[in-house]
Amino acid sequence: MKAADFTSSEVASYYRTRFPDLKQAGPEWRGPCPVHQGDDANFAVNPENGLAYCHSQCGRGWSILQLEQEVSGRPWKECRQEINSIVGRPIRGPAKLREVATYDYTDATGEFLFQVVRYEPKTFRQRRRVVRMDGTSAGISWEYNIKGISRVLYRLPKVAAADQVLVVEGEKDVESLERLGFVATCNPGGACNHAGKWLKNYTESLEGKRVVILPDNDTPGQKHADIVIQAIRHRVKELRVVRIPVGKDSSDWIAGGGTREAIDEAILQAGIIAGQDVANDGSTASAPPGSSPSPAVPAIPQIQVNDRPFRTICQDGFDALKSSNTPPQLFVRACRIACIEATELGRPFIADCDETKLRHYLAQAADFYELSARGVRKEVPPPLDVAKNIQARNPASWGFPVLEAVVEAPTLRSDGTVLAQPGYDAASRLYLVPSPGLEDIDVPEQPCRDHVEVALDVIRDAIGDFPFVDQSSYANAVGAMVTSVCRHIISGPVPLALFDATTQGTGKTLLAEVIAIILTGRAAELSSAPNDPEEWRKQLTSILIEAPPLVILDNVTTTLDSGDLAKVITGEMHRDRVLGKSQTVSVPVRCSWIATGNNLQLGGDMARRCYWIRMDAGCSDPFRRTGFKHERLKEYLLEHRRDLLIAMLTLARAWFAAGQPKSTVPPVGSFERWTEVVAGILEYAKVEGFLANSERLFEQSDIERTDWETFLEAIEDAFQGAAFTIAELWERLNEKTYEELVRQSVLTDRAEELRNALPIDLTRWMDREGQFKQRLGVAFNSRRGRRFGKRQMRVERSSGDAHGKVARWKVVADA
């Protein structure tokens, strides 16, 4: 069929009937595209020949016949007959149209609006009454288009008065059901092949009613049912769908013996799939007695995101988010919304809930939609601005539970009770994600001495092959295990455990992995110790944001001296700028700390922040040793992880049950609560020697004290107690004399002595004068007034140089 087959009046009649929303726009008609069901006027029609074109998503054109096929999905012959009936042409072919039924559509008061005519062969036309201007009855005729007339549901007055309404596809089915005493209805025009065909007023007519949909047993019928369900599911009181058991439609079912009782039983058995009475758990408030369990979809809030105040939309989204947060999935941590995620290997960690993730949770909490001017509902994702608005609120107003850490093994609360129930624990602010086999862990409520001895045997069996140099190192190793497992009963900071060995292969990293496996059931996640202060800051911030239970700095090869590390070890909160973002974050420090290395050296103020576990295998190649009790220690630990956890918790529980007796170990500055808890647990269990090697740690590991004492003595000798500048010290370090024997300049003895006394962290800058002077000035400033050695040697600003532009320094000693 070509465009020229239709006259301009026939083109107008077709488009007025099928697409009444088209408006005159210059020489063409414009409106929403009926194919992709858009809302903008991107669909254009040529009034002369009927050719249409979509300038938006479709990007193509159609003739009238092609458009009818595209929209209706029917064969071209049926489409051609439909077009001919609309424009008033006789049906081509041998068959003549014969009128077999008429169906009057009225408004809610019963006033006639339009009529649908059914013909044989099966086709339908819509028409309205036209009265001649003289008003005589003889002047009444029919016009086969209903442009400008409100489209309504069939049998609207009965629908308005009914409590239960059956929705079918055609007027014949409506009348068949009416003969059995039902109130039924349909929309004009047959099955909806797109959402725009089901009008807003159809939904309003069914609002608050009990609706039953009986779709035809074909693809168009199913699509029609889906469109109607989507449109009314949240507006009706309850919604059911009944499948036709016999024939194609309701009329076939009834003709095949379907009775009122059979249909009533089918409705009852169908169950409620949606509606205002559906509760959050999927149950209904008024389920009929004896009915089967309803397969209803849980009702969640419906939030319209257009044509409403933004503050109202945001508040609705926030309320839905809070209501759905049971059990908790969203938390508050460091004044930010947080959630718990897991790596591909299953390790849980705390993650910031950014806008993208928050939209995910909003999508689970509510359905968001837009409503067009025609009342067509369109599902949309949660608006990004709503997520941003929620994040911008005062953290105190969020109302989400506060989260401190995620733990993967049962632990103790601060009152000594065992946390073994998976999920969020409000008392401890911890989230427990236990590994398989740890869900029902059993720790004695009142452990006796036998319980404690058995627990110590289990621990000794696991770490007995490690070559600890003395009882103190063994006790400190057990203390490190207790610290990690019972970290959350220690309200303050905990020191860094130094796993130190004489040579590589002794087992220091393996000992750290023992603790990691007990805590997480996985191999340890090892970090390196950066050399650059800025890298220290970035690494520590990234680690603490994820809140791991254990941080292991493995194979430290340089002097362990970091101001940022010292800060987080003694601090309870860490504040820093988020990597890659112009914002800061403040996170709690609730992890345990371990560093491993060979002959570890400590700088700055690190020595007092550490406790020492020293190992010596007594051979040059300890990695070649054999004869261990557990040749595959990691496999043994994984198999006996439950027993080891119970052993550690039993020791702690016994101390709590005994009334938390005080230990004889002096409290360590900044770690008083840690000393009280760990020393108390070990002393009550009769594990001796905890922290007994602390003095030796200070003497052997803090190389900085010895270096700076020697350096200050050399400076004192070089300047004989006089004040000096950094530039003058640089000159003394590079002082040279001409050596006749070798015929070249060489360093003087005084310069050699000064160079030999330089601290190791300054020697590497000697070939760069500017950086050396800068770092030496920083070193003097950071150590000003700090005392070294028996003579209490220290560097001070010269008293006569308070306002000088160039700093002058002086070495001072008490004797």
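Which residue in β24 stands opposite G423?

Modeller: It's L432 that stands opposite G423. Before going on, bear in mind that this is a predicted model, where local features need pLDDT of at least 70, side-chain atom pairs count only at pLDDT 80 or more, and totals for chains, interfaces and linings use all residues. Residues are numbered from 1 along each chain as its sequence is written, and side-chain values use heavy atoms, with hydrogens and water left out.

Now the sheet itself. It is open and has three strands, in the order β20-β24-β23, with mixed pairing. Strands here are DSSP runs of E with at least two residues, helices are runs of H or I with at least four, and both are numbered from the N terminus; two strands pair if DSSP finds at least two bridges between them. The edges belong to β20 (405–407) and β23 (423–425); each has a single partner strand, so one side of each is left without a neighbour in the sheet. From one strand to the next, the twist averages 30 degrees (between lines fitted to C-alpha atoms in the N-to-C direction, on a scale from 0 to 180 degrees). β23 and β24 (residues 430–432) run antiparallel, joined by three bridges.

Follow the chain on from β24 and you come to E439, in the loop between β24 and α14 (449–463). E439 counts as partly exposed because its relative accessibility is 42% (buried is under 20%, exposed over 50%, partly exposed in between, with a 1.4 Å probe and protein chains only). Its C-alpha atom lies 8.3 Å from that of P410, although 29 residues separate E439 and P410 along the chain. Setting aside neighbours within four places in sequence, E439 is in contact (heavy atoms within 4.5 Å) with A420 and P434.

A cavity is a set of points on a 1 Å grid where a 1.4 Å probe fits but cannot get out, and its lining residues have an atom within 4 Å of a point. By this rule there are four cavities of 30 Å³ or more. The largest cavity holds about 110 Å³ of space, counted as what is filled by probe spheres set on the grid points. It is lined by 13 residues, and the closest to its centre are V407, A409, S484, L519 and P549. Two helices, α15 (471–485) and α16 (508–520), each supply at least two residues of that lining.

Most residues other than glycine have a negative phi, and most peptide bonds are trans. The bond from E120 to P121 is cis, with omega near -5 degrees, and P121 sits in the loop between β7 (112–120) and β8 (123–130). T326 and P327 are also joined by a cis peptide bond, with omega about -5 degrees; P327 is in the loop between α10 (310–323) and β15 (330–333).

R155 lies in the loop between β9 (141–143) and α4 (156–161) and is partly exposed, with a relative accessible area of 24%. Q792, not a glycine either, has a positive phi of about 55 degrees. You'll find Q792 in the loop between α27 and β34 (794–797), partly exposed with a relative accessible area of 28%.

Terms used: 1 Å grid on protein atoms, 1.4 Å probe; cavity = no way out; pocket = protein on both sides within 12 Å on 5 of 7 lines; lining within 4 Å.
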